[in-house]
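Here is a brief report on one protein model. Look over the sequence and the fold first, then read on.

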Amino acid sequence: MPDYHDDLRLAHVLADAADAATMDRFKALDLKVETKPDMTPVSEADKAAEELIRGHLHRARPRDAILGEEYGLEGTGPRRWVIDPIDGTKNYVRGVPVWATLISLMEAGEDGFQPVVGVVSAPALNRRWWAAKGSGAFSGRSLTAATRLQVSQVGQISDASFAYSSLTGWEEQGRLDGFLDLSRACWRTRGYGDFWSYMMVAEGAVDMCAEPELSLWDMAATAIVVQEAGGSFTGLDGVPGPGGGNAAASNGLLHDELLGYLNQRY
């Protein structure tokens, strides 16, 4: 098993730098916000954080490729850093503290690129989660002050807590009926949204979550944290990993039922 400790340490350094930059502009009255062609917002803080991370990587890992939400793919090779500078930009620009920088290292293999390191840093919540392949998942403010993560052992949908981001995407894909059936069958549903749902699955606070439409940078870091915490992370088609354009995450025990509900009327 390769040792990813140095890469994980670097990811923490990158997250520290991004946290300082994003917190400096959080709730700034003069924050500049634009609308991208896909009609999603992007702030000056998104761009600045990604530029900062790319600069660090150019110096520390000049041979590695970089894929980021704001500036696309740069470089080639079997190692690729995947960055979402602010996951939850809509929250960020409105002053809601639920947003995070997502940093992942992916390596090429027989099944394509798969995440081997992931850091999810939410400075406005004073929380950080991370994982490296084969080394487990953790939460804390540093590598030396951390708690190991473990998914829940809830085995019945009727006892389960299900987290999601919004209803509109499910409706647009024709999956709303299955989504509503699942919400009726669950013990509890909550719209925490974005990265936070997946991190709570990894912590065992939530038992399953799903989103109907995502990009790789939304999922690469969260996927390995969930997996290393003992959970399952797949596309809605059941294929493991973050490459499917959508996501379902669970404690593993509920995964087949979760996918069944979300696909049953599709």
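## Strands β14 and β15

In this predicted model, β14 and β15 run antiparallel and are joined by three bridges. Threonine 234 stands opposite alanine 248 in β15.

Both strands belong to an open sheet of five. The order is β12-β11-β13-β15-β14, and the pairing is mixed. β12 (188-190) and β14 (232-234) stand at the edges. Each has a single partner strand, so one side of each is left without a neighbour in the sheet. On average, neighbouring strands are turned by 15 degrees against each other, direction ignored.

## Helices on the sheet

Two helices are described here. α6 packs on the sheet and touches β11 (161-163), β13 (208-211), β14 and β15. The direction of α6 makes about 155 degrees with that of β13.

Helix α8 (residues 255-263) also packs on the sheet, touching β11, β13, β14 and β15. Its direction makes about 145 degrees with that of β15.

## Nonpolar cores

The largest nonpolar core has 30 residues. Those with the most contacts inside it are Val120, Trp129, Phe195, Tyr198, Val225 and Phe233. At least two residues each come from β6 (100-109), β7, β8 (127-132), α6 (194-203), α7 (216-228) and β15 (247-250). A second, separate core has 19 residues, including Ile83, Ile103, Val116 and Val117.

What does valine 120 contact, leaving aside its neighbours within four places in sequence? Among its partners are Leu102, Trp129, Phe195, Met199 and Ala221.

## Aromatic pairs

The structure holds ten aromatic pairs. One is formed by phenylalanine 26 and tyrosine 92. The rings are 5.3 Å apart, centre to centre, with 40 degrees between the planes, and the pair counts as tilted. Phenylalanine 26 sits in the loop between α1 (5-25) and β1 (33-35), while tyrosine 92 is in helix α3 (residues 89-94). The two are 66 residues apart, and the pair links distant parts of the chain.

Both residues are buried: phenylalanine 26 has 13% relative accessibility, and tyrosine 92 has a relative accessible area of 1%. Elsewhere, ring pairs link Phe162, Tyr164, Trp170 and Phe179 into a cluster. Arginine 80 lies over the face of phenylalanine 113, at 4.1 Å from the ring centre.

## Glycine 112

Glycine 112 lies in strand β7 (residues 112-122). Is glycine 112 buried, partly exposed or exposed? Its relative accessible area is 30%, so glycine 112 is partly exposed. The C-alpha atoms of glycine 112 and leucine 262 are separated by 26 Å. Along the chain, these residues are 150 residues apart.

Note on methods:
Residues are numbered from 1 along each chain as its sequence is written. This is a predicted model: local features need pLDDT of at least 70, side-chain atom pairs count only at pLDDT 80 or more; totals for chains, interfaces and linings use all residues. Side-chain values use heavy atoms; hydrogens and water are left out. Helices (H or I, at least four residues) and strands (E, at least two) are DSSP runs, numbered from the N terminus. Buried means under 20% relative accessible area, exposed over 50%, partly exposed in between (1.4 Å probe, protein chains only). A nonpolar core is a set of buried Ala, Val, Leu, Ile, Met, Phe, Trp, Tyr and Cys residues joined through side-chain atoms within 4.5 Å. Contact means heavy atoms within 4.5 Å. Rings of Phe, Tyr and Trp (its six-membered ring) pair if their centres lie within 6.5 Å; planes under 30 degrees apart count as stacked, over 60 as edge-to-face and the rest as tilted. A charge sits over a ring if NZ of Lys or CZ of Arg is within 6 Å of the ring centre and within 35 degrees of the ring normal. Two strands pair if DSSP finds at least two bridges between them. Axes are lines fitted to C-alpha atoms, for helices over the stretch in contact, and angles run from 0 to 180 degrees between N-to-C directions.
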